[in-house]
Amino acid sequence: MGNGGYDAQHYDLSLTYDADTKAINATAKIRASALQDLSRFDLDLRDPLKVSKVTVDGRPATYEQTGGQELVITPGSGLPKGRQFTVEIAYAGTPKPIRDKALGVSGWIPRHDGVVTLSQPTGSATWYPVNESLRDKATYDFTVTVPKGLKVLANGQPAGEQTQGATTTFRWTNPEPTASELVMIAIGHFEVRDTRTKSGLRNITAVDPKAIATTGGQTVADAANQLNRVTGDDIEWEQKLYGGFPFSSAGGIIVLAPNVGYALESQTRPVYATGRAGGLPPAFMLAHELGHQWFGDTVTPAQWSDIWLNEGFATYTEWLYTEQHGGKTAQQMFDAAYRSPATVWKGKVAKPGRDHIFDPLTYLRAGMTLHQLRRTIGDTAFFQLVKDWPKTERNGNATTAQFIAFAQHYTKKNLRPLFQKWLYTAGKPGLHNLSRP
């Protein structure tokens, strides 16, 4: 997935959703810049979506859909290097989720009353034409028309809604650069809360009523209020650790989505998917997904082999949350993890391989790596580092090598042996030559 030759800068997506058939009729308008002379260029768009028309700068272009996921576009005349251009694509169909034995369910996921998109790692192409590359971040506008009564949420913040006849159109704008794996929309009968955190950040949360158990006197409204409050509290705590929230809005969504089984750090608005009605996710889980907003969202891996930079920091955020809220210390969490079964020690954290990017090593062992870094350089340097890293690399992409070089600035000790042992060597590392903080 992903294509070279151009830089996609902005996506303007307009979708009309049919609740009966789950089909969409859509237009994508993409503003881009040619990075080289182009006679043609490609986008990712998965079957069964079918394109009916393509224009480049308002002029008809020829196109071909091939290989089940490739949209090849040939404009009427070549695009010279440096040229800004706009491609508009009309398409339609009933999007299908990706079901990958190793990586799970992703993309456009139908639900009991609508849909949710969980686009990591390459699910955006199930519902719109995109340069499905970690490195090609862009801003977004969404215009989504649904049957009256349904609601739409997306990245960013609302830009208005209008009901006309039997349909309502929702507009959202997402002004910060976003990797395609973090783009989301959700359609359904949501209970929405739109408030401000104590520091003034807009906090938009929503719960799917079907995902909330109403036993014991809890109502859906109670759950919606609690999700909004805990999300705001977690963000305020994390801002003390990592600096100001990197985006102009925040939030979260709880959805009933059987056979998904995970939460995802969609930019500004994480999604917590559950297979049955229950309570809210625990606060440490919210801390994990919200921690990703700094580590994974504003600073995104340069390639998937660097995913430990996402999941290690999010896992360590859980440990810090527990440590600073009356639970086990991070050292106790580390010690328990060090006693984990052999599955955690298989593979190399910084080279997990395509089918293993979501394995325990990229979460648990990666979090352990950060704890070892903390032990080695000390708390003062470590907590300054984790505040500086997302600020320095904001809205960009980073590699493991970049992080190692960055961390080295915070100590006179040679960190390469530590990272070699914990990131690039398979098997259970020894703990000698490290003092506790």
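A salt bridge is taken here as a side-chain nitrogen of Lys or Arg lying within 4 Å of a carboxyl oxygen of Asp or Glu. The structure is a predicted model, in which local features need pLDDT of at least 70 and side-chain atom pairs count only at pLDDT 80 or more, whereas totals for chains, interfaces and linings use all residues. Residues are numbered from 1 along each chain as its sequence is written, and side-chain values use heavy atoms, with hydrogens and water left out.

By the salt-bridge rule, the count comes to 13. One of these bridges joins the side chains of Glu-88 and Lys-29, with an N to O distance of 4.0 Å. This pair links distant parts of the chain, since Glu-88 belongs to strand β8 (residues 84-93) and Lys-29 to strand β2 (residues 24-34), 59 residues apart; helices (H or I, at least four residues) and strands (E, at least two) are DSSP runs, numbered from the N terminus.

Asp-194 is partly exposed at 40% relative accessibility, and Arg-202 is partly exposed at 23%.

Aromatic pairs were assigned to rings of Phe, Tyr and Trp (its six-membered ring) whose centres lie within 6.5 Å, with planes under 30 degrees apart counted as stacked, over 60 as edge-to-face and the rest as tilted. The count by this rule comes to 28 aromatic pairs. For Tyr-242 and Phe-295, the ring centres are 4.8 Å apart and the planes stand at 90°, so this pair is edge-to-face. Here too distant parts of the chain are linked, with Tyr-242 in helix α1 (residues 220-242) and Phe-295 in the loop between α2 (283-291) and β22 (299-301), 53 residues apart. Both Tyr-242 and Phe-295 are buried. Phe-406 and Tyr-410 form a tilted pair, with 5.5 Å from centre to centre and 40° between the planes. Phe-406 is buried, at a relative accessible area of 12%, whereas Tyr-410 counts as partly exposed at 21%. These four residues are among the members of a cluster linked by ring pairs, which also includes Phe-245, Phe-247, Trp-294 and Trp-308.

Helix α7 (residues 400-408) has as its buried residues Thr-400, Phe-403, Ile-404, Phe-406 and Ala-407. Seen down the axis of α7, these residues fall within an arc of 160°, so they line one face of the helix; the arc is that of the directions from the helix axis to the C-beta atoms. Among the elements that cover the buried residues of α7 are α3 (308-324), α5 (360-377), α6 (379-392), β23 (396-398) and α8 (416-423), where contact means heavy atoms within 4.5 Å.

Strands are said to pair if DSSP finds at least two bridges between them. Strand β19 (residues 249-256) and strand β21 (residues 271-274) pair in the parallel sense over four bridges, and Ile-254 has Tyr-272 in β21 as its bridge partner. Strand β20 (residues 263-264) pairs with β21 in the antiparallel sense over two bridges, and Ala-263 stands opposite Tyr-272. The hairpin of β20 and β21 has six residues between the strands, and in this hairpin Thr-268 takes a positive phi near 75°.

Pro-175 lies in strand β15 (residues 167-178) and counts as partly exposed at 44% relative accessibility. Apart from its neighbours within four places in sequence, Pro-175 is in contact with Thr-139, Gln-157 and Ser-248.

Definitions and conventions:
Buried < 20%, exposed > 50% of the residue type's maximum accessible area, 1.4 Å probe, protein only.
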